[in-house]
Amino acid sequence: MTKPIILVTGATGQQGGGVVNALLADGTFAVRGLTRNTESSAAKALKEKGVEVVQGDADNYDSILKALEGAHGAYFVTNYWDHLSHTREIQQAKNYAQAAKASGLKHAIWSTLDDTRNALKGKFEPLVDDLITPHFDAKSIADQEFVNSGVPTTFLLTSMYFDNFVSFGMGPKKGPDGKYVLGFPFPQDVPLVFISVSDIGLAVVGALKNSSEYINKRVGLAGDFKTISELAKGFSSTFGIDVAPVTFPREVYLSFGFPGVEDMANMFAWYATEDFLKSRSIEETNKVSAPGKFKTFEEWLEANKDKLRANL
């Protein structure tokens with residue numbers, strides 16, 4: 001019997017790559033990966049795994065429509081940080097949704113984020129148009145493209161990646177005095193919510209296999225809730241070093257001056273709200289992912305300690 005085809009956009013990226021691996025491990029579906037360059041080393045690696053690799057771009061409606069031919073479902077993801085344009089990201093989501101509708105897709109899974117505007121309005125000025133946290137708010141606005149299309153859709157809301165401790169240098173830093181600190185522009189007494197990016201695929205597989213339960217539903221993904229102090233203790237015990245937890249002022253964080261720093265600062269403010277914390281659930285995450293399970297901080301730390309040690 002022919003397996004139903006699932007198109008994975010961004011198949012050579014962090015999110016898409018994890019989804020591809022989870023689909024392959026499960027074996028229920030045939031996997032088709034969308035990438036801009038089918039001859040890249042990452043694309044060739046996917047082919048070797050048995051993935052059907054097709055060329056396409058989120059900016060190109062026709063390429064998405066072609067990639068969706070014969071597909072049962074699809075995982076759609078955009079990357080705001082590729083271009084820092086909220087209008088472009090919303091248009092990309094529209095391309096996805098309209099192509100999904102035209103192709104008669106049975107189940108779309110859209111990787112999205114929250115609308116921070118109601119919670120942060122009055123605290124911070126909009127950074128562009130009326131968006132306070134553009135990389136969040138744009139995805140939330142884009143949700144409506146899938147709603148309006150009528151395509152059966154599951155909305156997966158991601159959280160901060162543990163992987164940022166490796167990829168973006170978010171881990172402990174050694175100061176001039178030789179002491180390590182772990183700092184965020186975030187309160188000490190409020191937990192941050194984390195997931196491992198590779199685990200997102202578990203939720204995608206679960207939602208696809210249980211479509212009737214997850215179509216037109218929103219799931220806030222969470223693997224663990226950890227305060228800065230708890231994170232610092234984990235790093236300390238794993239590496240045998242003394243890591244001090246630090247909350248630094250928003251102004252200090254803004255002084256780092258990297259592209260999107262205000263957007264990120266507003267993100268941390270959103271993370272500290274009750275609305276955000278209520279929107280993420282370990283129980284719901286592991287329910288959709290069953291029999292898989294999202295990693296806790298300790299599990300992720302153990303699996304990635306060699307990579308982390310290289311950055312200390």
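This is a short tour of a predicted model, moving from a sheet to its salt bridges and then to a helix.

Begin by selecting residues 160-161, 192-195 and 224-226, the strands β7, β10 and β12, which form an open sheet of mixed pairing in the order β7-β10-β12. The edge strands are β7 and β12, each of which pairs on one side only, while β7 and β10 run parallel and are joined by two bridges; in one part of this sheet, Tyr-161 has Ile-195 of β10 as its bridge partner.

Next, select Asp-59 and Arg-88, where the salt bridge spans 2.6 Å, N to O. Asp-59 lies in the loop between β3 and α3, and Arg-88 in helix α4, 29 residues apart.

Within helix α16 (residues 305-309), Arg-309 and Asp-306 are three residues apart and so separated by about one helical turn, and they too form a salt bridge. Asp-115, Arg-117 and Asp-130 can then be shown together, as they are linked in a network of salt bridges.

Finally, select residues 261-271, helix α12, which is largely enclosed by the rest of the structure because nine of its 11 residues are buried, among them Met-264, Phe-268 and Trp-270.

Key:
Residues are numbered from 1 along each chain as its sequence is written. This is a predicted model: local features need pLDDT of at least 70, side-chain atom pairs count only at pLDDT 80 or more; totals for chains, interfaces and linings use all residues. Side-chain values use heavy atoms; hydrogens and water are left out. Buried means under 20% relative accessible area, exposed over 50%, partly exposed in between (1.4 Å probe, protein chains only). Helices (H or I, at least four residues) and strands (E, at least two) are DSSP runs, numbered from the N terminus. Two strands pair if DSSP finds at least two bridges between them. A salt bridge is a side-chain nitrogen of Lys or Arg within 4 Å of a carboxyl oxygen of Asp or Glu.
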